[in-house]
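Please open the model in a viewer and keep the selection tool at hand. The stops below are given in the order in which they may be selected.

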Amino acid sequence: MPTQIIVGVDGSAHAWRALDWAADYAVRHRRPLELVHASRALVDDGAIPKDALRRLVAEREDLLGEARQYALKVNPDLDVATRLVRADPGGALVEGSEHAALVAVGSRGMGGFEGLLFGSVGLYTAAHARCPVLVVPREAPYPAEAPARIVVGIEDRPGEIAMAGWAFEEAASRGAGILALHAVGGEFGSPRRRVMEDLELSEALAGLREHHPDVRVEQLVSDRSAGQALVEASRSAALVVVGAARRTGRIGMALGRVNHAVLHHAHCPVVVVPIDR
């Protein structure tokens, strides 16, 4: 069973905040933390002189050591390992996700050739990882200061209950409530339609409510688009949890317009949970 929590480290402010959230998750769920720095620039292919390569490797090892000390200063009992990978950052994180319970990345990194710039490495990881991916913006609060609410987007798709179950488990561990949000994009029609949507949402969540009786659950059926509704709800949330369906016969997941909007514009960290059709 996957146990470790992986976080991509590149020295940027976004990556440091992702480390805060990854360490907090690891502590609450009693899992080891692995700090990963990957770069194609570290490959010994003759592109740069040997002495320069050794200095670059030492510099990146120091970065990982600094990140490890930071994590331990905040959480002294945390089991923290580091790993330097001479490969593409996105590929390294996706490969690590095969044996991870969660992968955390900053929404933007140092940029340039190898930074965790969202839209490249971050987007690739969110779309291809085999486990949930936590994407943390620089503006996110420290985990202890985050609102006591987790927003989960429900679109009435097969396999979604497992994704919602992840959100409920996280809410229980944080002592937070759940806002289950279903958006219909201005297609309410009659008041009866709105009541029916709300009842269907209640039925979908009934088993999770029963399994987590201490988690307070709110429901919202919104007439806005799903992307707009989730981004707005993110203003008062610790996390927004969304699902991404695995593509049949293809590598990766279909993130879709809604998830792209949330990943680019949410005011809090976003968790993308793979959904099996």
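A residue counts as buried under 20% relative accessible area, as exposed over 50%, and as partly exposed in between (1.4 Å probe, protein chains only). This is a predicted model, in which local features need pLDDT of at least 70 and side-chain atom pairs count only at pLDDT 80 or more, while totals for chains, interfaces and linings use all residues. Residues are numbered from 1 along each chain as its sequence is written, and side-chain values use heavy atoms, with hydrogens and water left out.

Select His-260 to begin. His-260 lies in helix 8, residues 256-265 (helices are DSSP runs of H or I with at least four residues, numbered from the N terminus). Because its relative accessibility is 29%, His-260 counts as partly exposed. Not counting residues up to four places away in sequence, His-260 touches Leu-123 and Leu-255 (contact means heavy atoms within 4.5 Å). Leu-123 is 137 residues from His-260 in sequence, yet their C-alpha atoms are 8.8 Å apart.

Next, select Glu-170, in helix 5 (residues 160-174). Is this residue, Glu-170, buried or exposed? Glu-170 has a relative accessible area of 2% and is therefore buried. Beyond neighbours within four places in sequence, the contacts of Glu-170 are Tyr-25, Arg-28, His-29, Ile-150 and Leu-239.

Terms used: Helix = DSSP H or I, 4+ residues; strand = E, 2+ residues; numbered from the N terminus.
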